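Trainee: I would like a close look at one part of this model. Please take me through it step by step.

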Amino acid sequence: MTLPFDPDWSPATLGVRAGEPRAANREHSAAIQLTSSYTFDSAAQAARVFSGDEAGCVYSRFTNATVQAFEQRLAAMEGGERCVATASGMSAILTLCLALLKTGDHILTSRGLFGSTIQVFDNWLSRYGISVSYVDMTDLADWEAGFRDNTRLVFVETPSNPLVELVDIAGLASLCRARDVPLAVDNCFLTPVLQRPLELGADFIIHSATKYIDGQGRCLGGAIIGDEARVGKDVFAFMRNCGPCLSPFNAWVFLKGLETLKVRMEAHNRHAQAVAEWLQAQSGVERVYFPGLESHPQFALAREQQRGPGGIVSFDVRGGREAAWKLIDGTRLCSITANLGDARTTITHPASTTHGRISPQARAAAGIGEGLVRLSVGLEDPDDLIADLAQALHG
Ligand SMILES: *Cc1c(COP(=O)(O)O)cnc(C)c1O
C-alpha cells in the first residue's frame, strides 16, 4: 500500500511524499519488492484479485508494489490520473502507439525528435500500416495543415533534441482537441518540475526516466501518464499482456530520484544558464541554442510554458567537425557519452553519433551541422565547467 497524499501539493512536495510505499513493517524508506508474483490467503481471494473485485498485486509484469509507488508518484507530479511505467523511454513510446493505434492510422509529428523515435515510426510502425508525417515543429500553421482524416495521434518532443526548439503546447493542444486527436508530449528534457503538459492541454506524457528522473546515469526506464480511461485501461491492458514492464529495482532507484528532482532541476537550470551565457560571448562559438537566452527565437514561449530553461545547451563551434572534435577531446570535466540528464556533464557531437545514421542532407535540413556540440550540463560547479570549456576551446 501507499500513504495518502494531497494532489494539490506542488511537484516538489509530491516528488517526496506522493506514493510513499509502506509494507507490513512500516519501513520509512521504500523497500524493494523484488518478487515476480504475489500470494493469496485463499483460492477465493485469488479469484477476487484476479478479477479486479479486490485491489491487490498479482504478478510483477503488471502489478508490482514498488513499480506502482513510482507510477503513483510520477502521475501525481504530472497532474495525471494514471501512469504505466515501462522498461525504457523507447518502450513507453512503442507501448503508447501499439495500445492506441491500428493499421491505417496516421501519426502527425515533427523531425525534432529523439533519433530512435524516428526509427520506431519510420522502420517499425510503418510495417504494420501505420503512417507518419513530419511538419515544421515551431510553426502551428504547418501542424494544422498536416492533419489527415486518419490522424489518430500527434506526437511532440519539446524542447527538442539537440537544437532545443519548442512547440507551443497549448496552441497545438487546441488544434488537436478541435479534431478529437490525442496529443502526446515527450517531457523528458524538462520533467514535471519545469513543464506540465497535461495542464496545457496534452493527453499523454512520455518519459524516459533514464535521464533526469534517475539523474545519475544508472537505470533504464520510462513511463506513460494520462487519464484513467486510456492509460488506466488501454495502455495498462497492453502492459498486462505484452509485458514491456519496468523492473522493481529500477522503479526503486527512480522513486529516490524523484525525491531530489526539484533541487537538481533548479541547479541544472542555473548551471546551464551560466555556461550558455559564457559560450555566447566566445568568438570561437558561432551560435548557442538555449531557451534561457534572449537570442533563442522562442525565448518568450519558453518563459510562458516552462518553469526554467532546462539543462541542455547546444552550440556551433567555428571550424566544423575538426574544431568540434578538438573541443570535445580537449575537455577534462565532461564525459564523452550520449546520455543526458546526469549529475555529470556530458558532451556529444550529434552529427557523428546520435544523428550519424541519417543522411547528410536530412541532417542539414534538420539544422544539425558538423560544428554542433551538445552539452547536458551537470551538477559540477559551473565555474569549473566554464574553465574547462575555456581551456578546451582556446587551448
Ligand atoms: C533518451 C530519450 C528517449 C528514449 O529513452 P530510453 O530510456 O533511452 O529508451 C526518448 N525521448 C527522449 C527525448 C530522450 O532523450
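Does Asp203 count as buried, partly exposed or exposed, and what is its relative accessibility?

Mentor: Keep in mind that this is a predicted model. Asp203 counts as partly exposed, because its relative accessibility is 22% and buried means under 20%.

Now look at its partner. Asp203 forms a salt bridge with Arg230. The closest N and O atoms are 3.1 Å apart. Arg230 is also partly exposed, at 25% relative accessibility. The pair links distant parts of the chain. Asp203 sits in the loop between H8 and strand S6 (204-208). Arg230 belongs to helix H9, residues 228-242.

Ile225 leads us to the largest nonpolar core, which has 41 residues. Phe70, Leu74 and Ile225 touch the most other members. Among the elements that give two or more residues are helix H3 (65-78), helix H8 (191-194) and strand S7 (222-226). H3 gives the most, with 7 residues. The core draws at least three residues from each of domain 1 (11-259) and domain 2 (262-394).

Asp214 pairs with Arg218, the closest N and O atoms being 3.3 Å apart. Asp214 counts as buried, at 1% relative accessibility. Arg218 is partly exposed, at 47%.

Terms used: Residues numbered from 1 in each chain as written. Predicted model: local features only at pLDDT ≥ 70, side-chain atom pairs only at ≥ 80, totals over all residues. Heavy atoms only, no water. Core = buried A, V, L, I, M, F, W, Y, C linked by side-chain atoms within 4.5 Å. Buried < 20%, exposed > 50% of the residue type's maximum accessible area, 1.4 Å probe, protein only. Helix = DSSP H or I, 4+ residues; strand = E, 2+ residues; numbered from the N terminus. Domains from an automatic or database assignment. Salt bridge = Lys/Arg side-chain N within 4 Å of Asp/Glu carboxyl O.
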